[in-house]
Amino acid sequence: MPGLLAALVVGGLLAGCASSLDSTHGAQSAATNAQWRQSVDAIGTPVGEAALSAWNIDVAPDGRGLPAGTGDVATGGRIFAAKCAACHGAKGEGLIGDQLIGGAGTLASANPKRTVGSYWPYATTLFDYIRRAMPYNAPQSLSADEVYAVSAWILNRNGIVPDDARIDAAALAAIRMPNHAGFVPDPRPGRL
Ligand code: HEC
């Protein structure tokens with residue numbers, strides 16, 4: 001019985017709210033309701049391949065998911081100067097964005113510098129990260145060729161690929177990063 005009473009009270013409050021909303025907002029609330037109805041009706045509708053492909057851009061460590069395209073170090077240098085240096089510094093030394101270049105041999109020191117060159121285990125992650133998130137102020141605005149080129153420049157300045165390197169999917173996946181062997185499996189949640 002107390003349950004039924006509570007239900008009646010809540011029902012009455014809701015009815016009161018709805019009628020005052022209707023009278024104050026009129027047409028606007030009708031439009032909002034129609035939009036809401038549409039989005040609720042869409043739940044359960046399969047997402048099409050085209051809509052999904054815009055989100056499906058992850059690259060695996062072994063290079064699966066890398067797109068066609070290619071870029072060289074010199075082109076990457078020009079892109080970096082125009083679109084990255086303002087935040088990462090002209091030489092990738094770091095400003096408001098992370099240091100991307102240097103730090104080799106510092107990981108075991110008191111002042112470790114974790115950069116793409118000194119720390120990252122896979123070159124393929126560089127493509128994924130830049131394509132997904134950079135430039136910070138305009139993510140996903142670079143073409144695949146531009147991402148390959150700027151990746152080539154960052155790798156070159158870290159001493160990982162030569163000045164005349166041209167990077168594509170196969171070349172990126174074949175690179176062995178300096179700190180590749182520096183990661184160990186984390187035993188948690190077992191005993192530490
Ligand atoms: C407006 C500033 C800005 C611009 C422009 C910018 N970045 Fe960044 N970048 C950042 C910030 C901030 C971070 C750190 C983001 C975070 O940790 O969430 C970052 C992180 C990164 C990282 C990861 C570094 C790490 O060790 O975790 C890479 C790689 C990178 N940026 C590359 C680029 C490239 C390449 C460009 C140009 C195409 C670029 N960024 C342009 C601000 C910027």
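**Helix H3 and its surroundings**

Helix H3 (residues 73-83) packs with helix H6 (residues 144-157) at an angle of about 95°, and their axes are 7 Å apart. That makes H3 roughly perpendicular to H6, a term for angles of 65 to 115 degrees. Axes here are lines fitted to C-alpha atoms, over the stretch in contact, and angles run from 0 to 180 degrees between N-to-C directions. Helices are DSSP runs of H or I with at least four residues, strands are runs of E with at least two, and both are numbered from the N terminus.

This is a predicted model: local features need pLDDT of at least 70, side-chain atom pairs count only at pLDDT 80 or more, and totals for chains, interfaces and linings use all residues. Residues are numbered from 1 along each chain as its sequence is written.

Back to the contact. From H3, the residues include Val73, Gly76 and Phe80, and from H6 they include Ala149 and Trp153. Contact means C-beta atoms, placed from the backbone, within 7 Å.

Which residues of H3 are buried? They are Val73, Gly76 and Phe80. Buried means that 20 or more other C-beta atoms lie within 10 Å of the residue's own, and exposed means 12 or fewer, with C-beta atoms placed from the backbone. Seen down the axis of H3, the buried residues fall within an arc of 55°, so they line one face of the helix. The arc is taken from the directions from the helix axis to the C-beta atoms. These buried residues pack against strand S1 (71-72), H4 and H6. On the other side of H3, Ala81 and Ala82 are exposed.

Terms used
Angles under 35 degrees count as roughly parallel, over 145 as roughly antiparallel, 65 to 115 as roughly perpendicular and the rest as oblique. Two residues are in contact if their C-beta atoms, placed from the backbone, lie within 7 Å.
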